Amino acid sequence: MRSDFRARNHPAYWAFIMHRISGVGLAAFLPVHFWALGQALQGEAALDAFLRWSEQPLVKLSEIVLVLLLSAHMAGGARLLALEFLAWRDWEKSLLAAAAGVSIAAALGFALNLFF
Amino acid sequence: MSTLHVRIWRGGEEGSFQAFDVPRLESQTVLDVVTYIQRSLDPTLSYRFACRVGMCGSCAMTVNGRARWTCRTHVAKVATGGLLELAPLANLPVIKDLVADMTPFFDKWARARGRFQGTRTRKDDFARVSPDTEQRRLADAGIECIGCGVCYSSCDVVAWNPDYLGPAALNRAWTLLNDVRDADGRARLAAVAGDAGCHACHTHMNCTERCPKGLAPTASIAGLKRATALAALRGELAVTE
Amino acid sequence: MTSDGELSVRAQVLLWTAQRASAAVLAACVLVHLLTMIYAVQGGLTAAEILSRTRGSVGWAAFYALFVAAVAIHAPIGLRTVLSETFQWRGRALEATVLMIGIVLAVLGFRAVYAVFI
């Protein structure tokens, strides 16, 4: 018998969901990212052509999502490293809040600088 | 007197929920409800319990979607809408109704070498372990496990990877690893390492969230991860029999 | 590796250790990367701006090379777990696939580092 969402509805589990989605998402995005930077092998103009393409609103929006995925994976990963390698007891929830805060702040910082 | 609406799993792996109405009493536990149904409404209902006071670890079930010890779970705490849904523990084979087959759970305790192996005989003096030592403190933190299976049934990694030893067996291995009288440490490290052992844990903390004794198996498993990784780096992670 | 293509327990533990070690490196790299990005996107991105920072800069090249190396270790090991848990996939074919992912990431990544350095 399998349990359903009611067994999983707690903050540490949401953190796991976020970590897995961001991890798989980033792994899928990386080859594209590397290919785009590789355009510089054809010269500055080729890279610029790609950067112009990336200025469409939808691409910009996905950039913000990617930054959120990256910061969330980093902050969440730092939390996991702390849980696995440091002695712990009662501070794991504050750690989670800190990780969420850091990732949202980074994404907001990026979004604000992108538009203003 | 108000009425509590109860849905209880009937059958084995295949089955369905059956509805019962049970008189609501003050300070009623979930186990009281099940016992009432079996004694007054349907004597064919199967369930398991022994001590009724949170010591034996035999009455755990899935209560409104979450694994809990039923003898110390008050109806008032879980049946907020006057509804109670009871099912056998998840991640284990179902024998009948609310009775799960605990065999895989305890087999994994054995696989994790969860048995104390001392070196002294009855002719030796007592081993003196000071309560202040770090190892005694670490063992103490996980020692109160009653083997109820709530953590095992709440663990996603168990569901995804049937070979995974699970939180209870790993927590047990960690307490023994910190028992200075135990002589099986090296073999135990090898038994709990790798993809079917502590390194499969994702720190979901379902086990820590649900443990009725308030233990943190996640912390024990983290301890095993570090100890086994260190042993692997040193080339000491040999499987010995 | 055992006869049925499963990695030895020691190898499994070393993979876990490598993933955690690379994670620690990545945490630092990503922090630098995030700050650079937030700074660099001000006023829009241009190739000239990016390349003026990276071309001929041994420091940035070394940083990005370390970044790529760490991610080429970290990501495949993570995907190995995801694939195995999601599709109950184990054994030789999984290890080979994961190794390929690592190689592809490393090749593409180092190519990108080289592209913005020269």
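In which helix of chain A is confidence lowest, and in which is it highest? In this predicted model, where pLDDT is the predictor's confidence in each residue on a scale from 0 to 100, the lowest mean in chain A belongs to α4(A), at 84, and the highest to helix α1 (residues 11-38) of chain A, at 96. Helices (H or I, at least four residues) and strands (E, at least two) are DSSP runs numbered from the N terminus. Chain A as a whole averages a pLDDT of 90, with 97% of the residues scoring at least 70. For chain C, the mean pLDDT is 93, and 96% of its residues reach 70 or more. The complex receives an ipTM of 0.91 and a pTM of 0.93 from the predictor. Where pLDDT is low, the predicted coordinates should not be read in detail.

Residues are numbered from 1 along each chain as its sequence is written, while chains are lettered from A and ligands numbered from 1 in the order in which they are written. Because the model is predicted, local features need pLDDT of at least 70 and side-chain atom pairs count only at pLDDT 80 or more, whereas totals for chains, interfaces and linings use all residues.

Turning to the interfaces, 29 residues of chain C are in contact with 29 residues of chain A, contact being defined by C-beta atoms, placed from the backbone, that lie within 7 Å. On the chain C side, α1 (9-40), α2 (47-54), α3 (58-87) and α4 (92-117) each supply at least two residues, and α1(C) gives the most, with nine. This side has 23 nonpolar, four polar and two charged residues; here Ala, Val, Leu, Ile, Met, Phe, Trp, Tyr, Cys and Pro count as nonpolar, Asp, Glu, Lys and Arg as charged, and the others, Gly among them, as polar. Chain C also meets chain B, with 13 residues of chain B in contact with eight residues of chain C. Helix α10 (residues 217-233) of chain B provides the largest share of the chain B side, four residues, and that side comprises eight nonpolar, four polar and one charged residues.

Within chain A, the axes of helix α3 (residues 57-85) and helix α4 (residues 92-115) come within 8 Å and cross at roughly 155°. Axes are lines fitted to C-alpha atoms, for helices over the stretch in contact, and angles run from 0 to 180 degrees between N-to-C directions. The two helices, α3(A) and α4(A), are therefore roughly antiparallel (under 35 degrees counts as roughly parallel, over 145 as roughly antiparallel, 65 to 115 as roughly perpendicular and the rest as oblique). Residues making the contact include A:I64, A:L68 and A:A75 of α3(A) and A:L95, A:A99 and A:F110 of α4(A). By class, the contact divides into 17 nonpolar, three polar and three charged residues.

Chain B is assigned domain 1 (3-100) and domain 2 (103-233), with bounds from an automatic or database domain assignment. The domain centres, taken over C-alpha atoms, are separated by 29 Å, and 13 residues of domain 1 are in contact with 15 residues of domain 2. On the domain 1 side, strand β4 (residues 66-69) of chain B gives the most, with four residues.

Technical notes: Two residues are in contact if their C-beta atoms, placed from the backbone, lie within 7 Å.
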